[in-house]
Amino acid sequence: MSKTKSPSEIARETFTTLAARKLAPTPENYVQMYREISGEPAPAPSADDIGATTSKGKLVPAWAELIRDLLRQLETPHKGITVTRKKDGVDTVLTRFASDPEVLFGKLQGLLRSWSTAPTGPSAADLVPAVQPDASPTAGGAAPALADHQELLGRLRELLAQSLESTLTSQPEMNDEIQALVSLVRSTDNKERLNDLAKQLRQFWLKLELRGGDKAKIQEGLVRLLRLLVENVSEMVEDDKWLHGQIAALQEIIANPLDKRSIADAERNLRDAIIKQSTLKQSLTDAKATLKSLMTTFIDRLGELTESTGEYHSKIEGYSQKIGKADNLTELSHILKDVMHDTRVIQTSVMRSHEEMLSSKKQADEAEARIRALEQELEQVSELVREDQLTGALNRRGLDETLDRELKRSDRSRTAVSVALLDIDNFKQLNDTLGHQAGDHALVHLTKVIKETLRPADTVGRYGGEEFLIVLPDTDLQAGIEALQRLQRDLTKKFFLHNNERILVTFSAGVALRGENEDAEDLIGRADKAMYKAKQTGKNRVVAAE
Ligand SMILES: Nc1nc2c(ncn2[C@@H]2O[C@H](COP(=O)(O)OP(=O)(O)OP(=O)(O)O)[C@@H](O)[C@H]2O)c(=O)[nH]1
């Protein structure tokens, strides 16, 4: 490439080449082409270059719009600004700023603004087009103004057509409309048609922008909504009616055809729902924690209070653990139902046990009372008993009372009273030979014989095992000894029969006459000593006490 070309020429050639190669006039293509033609390195377009900030689709309309305005303003008469001046202005800007598309874009816009602020109307100079000396420092070797103008118009028209075609990639569904516009641009060759074309193009860009912009915003909005939903939907409180309403409204919005407004409404609804839900959730979490704590306390108390079996206690422990793990109200409510059920069952059983226990206690109390009554009765009865159960002779108590009474009577009546203590001889041998029962019968037999032999006033009592005490009122010592000896004789006649065998029962006895004021104990003691003497001196005899 020639290094002698001016920047303006290079810029023009760049546009022409882009059009010839049917390349979209993007900043990248422009820069690349500029570098190719100039042979000089040009600054690489950054992401911030005009039109490149958002999308390819946005760049084309920006440049296309600028070119369209240039064409329109070039044709529009402005007071004081001739077409040649306008062309020179464009040339100057192209020359000075062609190497930087971003600056170039801004400068061309500035140029347009300076034209459009001038009042419209035919310029005197326009009425008589004249070739004026080129004031531009870069316009060296320029063609006549009209030819230049036509050439520039043609190039710009082609650039516009290509710009339109390039939108096809981003808006394929608008193919027919774009193709029609492209052929219109290429065939427009007069001012009237150009004005029509400008109108149509404006509508098209508007539509395109709205379309692209809305779509992107809708998509962006939907993604935002989706993210909000994903982040929060699992935490939504299902029970809350207000939230239900919000979610339903949101679902309706999403189900209907989408536009920016409906997306904004949906987003606002969802945010409201989430804020409300988070407040509710906190309250619910607190309430749930309180409820859980209440339930655990209640169940623990229940376990403590219930006087029940281990099975219920182990169940209650299980429930406490379940409550700790539960994280929603439904679960808690199920646990509570189970606890209530088990508690009712155990309460019934406890009540039944309690009733049974009360009844048993009542029976036990009654039994105890009966036993106490019987014991008292027995005590009273035993106090009344004065007889030995086996022989029918007096027992010790009977003997004591009798002795007491007889001694007092003796004292009162000043009459004698004697006692005799007798002990069966070799009774052990009898028991051993004939058996204990035979011994019992022998005791009964002896008592019977004593009662038959002695006087009715005499009293016999069983003093010990095989020992008998006989109280002989109004009896002195001699009479007493004789009474006992008579008894000895009777026993030899009245045999004790055991299994039809005659058994001779003998005894040894000591007889004592009560001394003056002598008590029962001393009296019996003397009789006992005499009886011992009888035993010592051969048994089966009666000895008088000293
Ligand atoms: N069957 C019977 N035996 C009794 C009863 N009370 C005491 N005896 C027995 O009488 C016996 C008395 O024995 P001992 O004290 O040795 O007197 P004993 O054999 O009669 O000898 P002596 O008195 O020396 O003649 C014991 O074997 C007692 O078990 C009773 O109610 N029924």
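Student: In which sense do S1 and strand S6 pair, and over how many bridges?

Tutor: S1 and S6 (residues 507-513) pair in the antiparallel sense over 7 bridges. Two strands count as paired if DSSP finds at least two bridges between them, so 7 bridges qualify S1 and S6 as a pair. One of the facing positions is Leu422, which stands opposite Ala509 in S6. The model is a predicted one, in which local features need pLDDT of at least 70, side-chain atom pairs count only at pLDDT 80 or more, and totals for chains, interfaces and linings use all residues. Residues are numbered from 1 along each chain as its sequence is written.

Student: What makes S1 largely enclosed by the rest of the structure?

Tutor: A residue is buried if 20 or more other C-beta atoms, placed from the backbone, lie within 10 Å of its own, exposed if 12 or fewer do, and partly exposed in between. In S1, 8 of the 8 residues are buried, so the strand is largely enclosed. Val417, Val419, Leu421 and Asp423 point one way, Ser418, Ala420, Leu422 and Ile424 point the other way, and all are buried.

Student: Why is Ser410 called partly exposed?

Tutor: Ser410 has 18 other C-beta atoms within 10 Å, a count between the cut-offs of 12 and 20, so the residue is partly exposed. Ser410 lies in helix H14 (residues 396-413).

Student: Which residues is Ser410 in contact with, leaving aside its neighbours within four places in sequence?

Tutor: They are Thr415, Ala416, Val417 and Arg514, where contact puts the C-beta atoms, placed from the backbone, within 7 Å. Ser410 and Glu516 are 106 residues apart in sequence, yet their C-alpha atoms are 9.6 Å apart in space.

Student: What is the order of the strands in the open sheet, and which strands stand at the edges?

Tutor: The order of the 5 strands is S2-S3-S1-S6-S7, with mixed pairing. Strand S2 (459-462) and strand S7 (542-544) each have a single partner strand, so one side of each is left without a neighbour in the sheet. S2 runs antiparallel to S3, joined to it by 4 bridges, and a hairpin of 4 residues links S2 to S3.

Student: How do you know that the span of helix H4 agrees with what it should be?

Tutor: The expected span is 1.5 Å times one less than the number of residues. For the 15 residues of H4 (residues 83-97) that gives 21 Å, and the end C-alpha atoms are 21 Å apart, so the two agree. Buried residues of H4 include Thr84, Val90 and Leu94.

Student: How many residues surround the ligand, and which are the closest?

Tutor: There are 17, and the closest are Asp425, Phe427, Lys428, Gly439 and Gly465; the criterion is a C-beta atom, placed from the backbone, within 6 Å of the molecule. Strand S1 (417-424), helix H15 (427-434) and helix H16 (436-453) each give two or more residues to this shell.

Conventions. Contact = placed C-beta atoms within 7 Å.
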